[in-house]
Amino acid sequence: MKNTQIFLAVDSSNYKEAQLIIKETKNFIHGLKLGLEFFTQFGPYGIKKMQEFSLPIFLDLKIKDILTHQAGLASWIPFFLPLFCKISSVCLIRGDERFI
């Protein structure tokens with residue numbers, strides 16, 4: 001049994017490469033951290049596919065784009081994240097501007 005709190009950062013737009021790295025490290029990590037690069041490439045389907053590893057998923061989206069994109073993202077986060085992730089982090093700060 002593993003005794004670790006390490007989350008593997010899966011910051012890749014290559015699914016097969018990410019899958020291989022996860023398979024090689026699965027017994028040594030606590031969960032997966034999926035970043036914006038992964039989410040941009042694979043979206044909700046990619047998160048769903050990552051569930052095949054039976055590891056906790058931490059979705060870490062740092063959205064520092066146009067404020068309207070931040071507003072759009074903020075509107076669907078409460079509905080989407082609970083379906084796939086127990087842990088999530090969404091940064092909606094862009095310089096001195098903040099979307100609240």
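**Close-up views of a predicted model**

**View 1. Lys33 is a buried residue.** Lys33 counts as buried because its relative accessibility is 14%, with buried meaning under 20% relative accessible area, exposed over 50% and partly exposed in between (1.4 Å probe, protein chains only). Lys33 sits in strand β2. Helices (H or I, at least four residues) and strands (E, at least two) are DSSP runs, numbered from the N terminus. Beyond its neighbours within four places in sequence, Lys33 contacts Phe7, Leu8, Ala9, Val10, Asp11, Phe58 and Asp60. Contact means heavy atoms within 4.5 Å.

The model is predicted: local features need pLDDT of at least 70, side-chain atom pairs count only at pLDDT 80 or more, and totals for chains, interfaces and linings use all residues. Residues are numbered from 1 along each chain as its sequence is written, and side-chain values use heavy atoms, leaving out hydrogens and water.

**View 2. Phe7 and Phe58 form an edge-to-face aromatic pair.** Their centres lie 6.3 Å apart, with 90° between the planes. Rings of Phe, Tyr and Trp (its six-membered ring) pair if their centres lie within 6.5 Å; planes under 30 degrees apart count as stacked, over 60 as edge-to-face and the rest as tilted. Phe7 belongs to strand β1 and Phe58 to strand β3, 51 residues apart. Phe7 is partly exposed, at 25% relative accessible area.

**View 3. Phe38 and Phe42 form a tilted pair.** Ring centres are 4.8 Å apart and the planes meet at 50°. Both residues lie in helix α2, 4 residues apart, so about one helical turn separates them. Phe38 is buried at 0% relative accessibility; Phe42 is partly exposed at 21%. Ring pairs join Tyr15, Phe38 and Phe42 into a cluster.
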